[in-house]
Amino acid sequence: MWSPLIAALLLAWAKSAHGQTTYSSSSGTASYAFDGLNATQWVSSASYPFTATRSADASGAYYYGEWVQATFPQPFNLTSYALRGGALSPPTSWTLLGSVDGCSWTVVDSGASSTPITKSVPAFVSALRLVCTSAAGAACSVSELSFTGALGSVTYASGTSAASS
């Protein structure tokens, strides 16, 4: 159990810049996928089929596709994620990978449908990578990708807000 002071500091950390660092496999601006604004979007620089970029999970399976990633300062218990495809070319299939160390990845979820979606997915992670394996057009675009989870007694929501539980 976190002390009230530590819980308050963690909550402040979560509210300021969402406590995450963003990365992308392409030249698209990764932070646009996590900024809480539907008007902005991360757009991959590669065209489908996405065969130039691959991610591997801990079992050695490969996931080919452009990706966008959020890395957090410490692991937390992920409970759900929400994905909204961008207006240009939303993902039509994807794999969400999670990691505690940023090196060894495991599959948290995969999907093949239209967006927006919200899914419950329990995982203990400090980094999450959305691999776009196919898209509605030439590139892949993500308007919003957000994660909800708990860190001790603090509920963490990336994207736009955080609230204590």
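I shall describe the fold and surface, then the cysteines, a salt bridge and a peptide bond.

Please note that this is a predicted model, in which local features need pLDDT of at least 70 and side-chain atom pairs count only at pLDDT 80 or more, while totals for chains, interfaces and linings use all residues. Residues are numbered from 1 along each chain as its sequence is written, and side-chain values use heavy atoms, with hydrogens and water left out.

Let me start with the fold. The chain contains one helix and 11 strands; helices (H or I, at least four residues) and strands (E, at least two) are DSSP runs, numbered from the N terminus. In sequence order the pattern reads α-β-β-β-β-β-β-β-β-β-β-β. Among contacts with a separation of 6 or more, 72% are between residues 24 or more positions apart, a contact being heavy atoms within 4.5 Å.

Buried means under 20% relative accessible area, exposed over 50%, and partly exposed in between, with a 1.4 Å probe and protein chains only.

I turn to the cysteines. How many disulfides does a search of the whole structure find? The search finds one, a disulfide being a pair of cysteine sulfur atoms within 2.5 Å. The partners are Cys 132 and Cys 140, with sulfur atoms 2.3 Å apart. Their link is right-handed, with 100 degrees about the S-S bond, and both residues are buried. Cys 103, by contrast, counts as exposed because its relative accessibility is 64%.

Next, the charged side chains. The count comes to one salt bridge, meaning a side-chain nitrogen of Lys or Arg within 4 Å of a carboxyl oxygen of Asp or Glu. Asp 109 and Lys 119 form this bridge, at 3.0 Å from N to O. The pair joins strand S7, which holds Asp 109, to strand S8, which holds Lys 119, 10 residues apart. Asp 109 is buried, at 12% relative accessible area, whereas Lys 119 is partly exposed, at 29%.

Finally, the backbone. Most peptide bonds are trans. Thr 115 and Pro 116, however, are joined by a cis peptide bond, with omega about 15 degrees. Pro 116 sits in the loop between strand S7 (106–111) and strand S8 (117–135).
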